[in-house]
Amino acid sequence: MDSGPVTVLVVDDSGPKRYLLVNWLTRAGFVTLEAENGTAALDRVAREHVDLVVLDVRLPDMSGFEVCERIKEEYPYIPVIHVSAHAVDVVDRAQGLTRGADAYLAEPIEPEELVATAHAVLRYYQARLRAEQLAERLAALADATVEMHATPNFVRLLEAAASGAARIFKAPAAVVAETFDGDCLAGVADDPHTPARIVPWVVDDTGVPIGTRVRVDEPGNWAVAGWPDGDTVTVAASRLREDRAPLYVVVPTAWAVEAQRSFDEEHRIAVTLQRSLLPQRLPDVVGLDLAVRYEPASAQTEVGGDFYELVMLDGHLLVAIGDVAGHSLHAATVMAELRHAVRAYAVEGHQPGVILDRVNELMRNLLPTELATICVLLLHPSTGLVRLASAGHLPALLSRDGRVEFVTQSAPLLGVRAPRPPDLEFVLPAGATLVLYTDGLIERRDATIDDGMAALGVAATRVDDDLDDFCRRLLVELAPPEIHDDVAVVAVRRR
């Protein structure tokens, strides 16, 4: 979004009044244009960049209401403020607002009132434009993902990726990758509407580390597309393993910066949503120590759908932890629906396996394209009796006296129609600690999940006296410095 000076068109047939309005707006930092009638105003809007129109209601050639309507028909994103030098009644004000104006000021108008109103309507339109741009980019991302999944071969995949990037950024885009035969190819889309093409393009991968890195480069170093004049290019390089070549996505820097702003906004919304829906405090349970640790993914990574729940119901502690497949604001909203469903079925008095059966049926009917893992258990504090059901989630860890074991139950994910095993029943001994976690704690790009679980087992052989310190230490020892996936850890110790 353009962050330069805001241009305001002042339309009034009275020279002195127009002079005052222009003077007030100029002193407030706006760039001003002038028109003395409706015809001139429509001509200036059509020929020049205008961010805001301050429009007199009574003009010599047509009414200000008609001028406003015609501006809104052609340029709906230009806000209009009506001003009137005459006494007006409710009908006039209502007509102005009904026919498209964003505000209506009647004399005597104070300079501060005009400037404040201008800033207010501009803030609204900028927020609206950002929201619509974000929605367009998310829709383009979803469409591109579907197209890429449907491609029959590597070349078509590169074409789909380049076309998708061009639609997301609304600019030229290139995607460079190496084939299984070792050939380096680039999918290039010159604009969002032209089909992508494939060209050979060799990239020096020396020194490109594992992970994702973004840098600004000269367009001449990536002369596969017609980049905009006067701009650099932004190159994102992603390398999954040392023995694999990186994948590159190249777009104009100006468009990349704007897309990053949209992504940052989505990330902020999703993190806020996650935090608002997770439990705000833990229950006080006689005979138990409880602790949780939740860390969202870093700002450079899409938000996931991790969630947890701890609540006392009818003398039992309900503990749940889960992870919705995918990363986005959408995953966070699905997480919220699943968490509330688990709570609702638990309140009805169902056992863990029945809770998961009902949540699974809910997902398959209302969220048929979603998948999630979850572990649900009910713990009786005084006896330590645990009844547990899992749906494809990582096994819980039981730590006691320096020994650890994983509580494993093989069961299908939520969202899959398949028979479920019976609930597991076991006793949590006095002094023992049960740990539940999501995959962000143990998954690494440079190691297997078995390696991660083994590292967790070593770290959990010692449980700190303070369970909060224990959960914090697990993240410090196991999670990477830059967290690429949400991490949730729940610890329950029976005294």
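Let's start at Asp-217. It sits in strand β9, which covers residues 211–217. Keep in mind that this is a predicted model.

Is Asp-217 buried or exposed? Its relative accessible area is 14%. The cut-off for buried is under 20%, so Asp-217 counts as buried.

Now its side chain. A polar contact of 2.8 Å links the side chain of Asp-217 to that of Asn-221. Another, of 3.0 Å, links the side chains of Asp-217 and Trp-222. Which residues does Asp-217 touch, leaving aside those up to four places away in sequence? Trp-222 again, along with Thr-232, Val-233 and Val-235.

On to a sheet. Strands of a sheet pair through backbone hydrogen bonds, either parallel or antiparallel. Here we have an open sheet of five strands, and the pairing is antiparallel. Read across, the order is β12-β21-β20-β17-β18. Which strands form the edges? They are β12, residues 288–295, and β18, residues 403–407; each pairs on one side only. On average, neighbouring strands of this sheet are turned by 20 degrees against each other, ignoring direction.

Take one pair from inside that order. Strand β17, residues 396–400, runs antiparallel to strand β20, residues 433–437, with three bridges between them. Look for Leu-397: its bridge partner in β20 is Val-435.

Two helices to finish. Helix α10, residues 449–459, packs on the sheet and touches β17, β18 and β20. Its direction makes about 140 degrees with that of β18. Helix α11, residues 467–478, also packs on the sheet.

Terms used. Residues numbered from 1 in each chain as written. Predicted model: local features only at pLDDT ≥ 70, side-chain atom pairs only at ≥ 80, totals over all residues. Heavy atoms only, no water. Helix = DSSP H or I, 4+ residues; strand = E, 2+ residues; numbered from the N terminus. Buried < 20%, exposed > 50% of the residue type's maximum accessible area, 1.4 Å probe, protein only. Polar contact = N/O pair within 3.5 Å; in protein donor to acceptor, adjacent residues only side chain to side chain. Contact = heavy atoms within 4.5 Å. Pairing = 2+ DSSP bridges. Axes fitted to C-alpha atoms, helices over the stretch in contact; angles between N-to-C directions.
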